[in-house]
Amino acid sequence: MLRGGARRDQGACAGADHSGPTGDDPLDAAQERRVRAVLALGGVPQADLPDGVQQVRLRLLERAAGGLGAPRDVSAWVAVVASNLAMDWHRAKRRQERLGERLAALHEPVHPSGEETSLLSLAVARGLDELPDAQRQVVILRFFADLSVRGIAEELDIPEGTVKSRLHTAVRALRERLHEDEVV
């Protein structure tokens with residue numbers, strides 16, 4: 001049954017012109033259902049399934065744009081790609097969980113020793129809240145989780161230069177915020 005379905009899928013994909021501006025969808029309805037099923041069986045939440053389908057569609061289009069054309073067995077190819085996406089989703093989820101665990105383990109309750117410390121803590125917290133997510137993330141990892149620039153780059157899968165740039169911009173913004181609030 002899979003072989004017959006694969007031949008039908010090949011014919012549907014081979015007859016479509018993916019290089020033109022017509023915007024033909026490289027996934028037919030059956031293939032899209034297969035992708036959704038593989039992702040769902042792989043543990044990807046319902047809310048993330050449309051993104052997964054789009055990722056498979058994008059990879060199929062990139063393959064065609066790269067001159068490789070349609071895979072011999074499109075149905076099998078999309079199932080493998082969807083399975084890989086499900087594994088990637090779980091890896092990313094585990095990475096975020098480990099990061100949260102590290103931060104929770106390093107977090108010590110702050111006991112201000114006076115009014116000045118309380119004001120400083122409040123000003124820093126407000127300043128952190130105002131930072132863009134990417135900058136806040138690297139500041140927390142660097143100064144609260146005590147990770148190195150290299151460690152942050154590896155955890156977030158971004159270049160070290162990007163970490164340094166985000167840290168520099170964030171620290172400058174926090175410093176300005178503390179001066180505005182006349183805390184420092």
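Glu155 is a residue of helix α7, where helices are DSSP runs of H or I with at least four residues, numbered from the N terminus. The structure is a predicted model, in which local features need pLDDT of at least 70, side-chain atom pairs count only at pLDDT 80 or more, and totals for chains, interfaces and linings use all residues. Residues are numbered from 1 along each chain as its sequence is written, and side-chain values use heavy atoms, with hydrogens and water left out.

Glu155 is buried, at a relative accessible area of 14%; buried means under 20% relative accessible area with a 1.4 Å probe, protein chains only. Leaving aside residues up to four places away in sequence, Glu155 touches Arg95, Leu99, Arg102 and Leu147, contact meaning heavy atoms within 4.5 Å. Of the 8 residues of α7, 6 are buried, so this helix is largely enclosed by the rest of the structure. Besides Glu155, the buried set includes Val149, Gly151, Ile152, Ala153 and Leu156.

Helices α2 and α3 pack against each other at an angle of about 125°, their axes being 9 Å apart. Axes are lines fitted to C-alpha atoms over the stretch in contact, and angles run from 0 to 180 degrees between N-to-C directions. The pair is therefore oblique, the class left after under 35 degrees (roughly parallel), over 145 (roughly antiparallel) and 65 to 115 (roughly perpendicular).

| Helix | Residues | Contact residues |
|---|---|---|
| α2 | 29-41 | Glu32, Val35, Arg36, Leu39, Ala40 |
| α3 | 49-65 | Leu49, Pro50, Gly52, Val53, Val56, Arg57 |

How values were computed
Helix = DSSP H or I, 4+ residues; strand = E, 2+ residues; numbered from the N terminus. Buried < 20%, exposed > 50% of the residue type's maximum accessible area, 1.4 Å probe, protein only.
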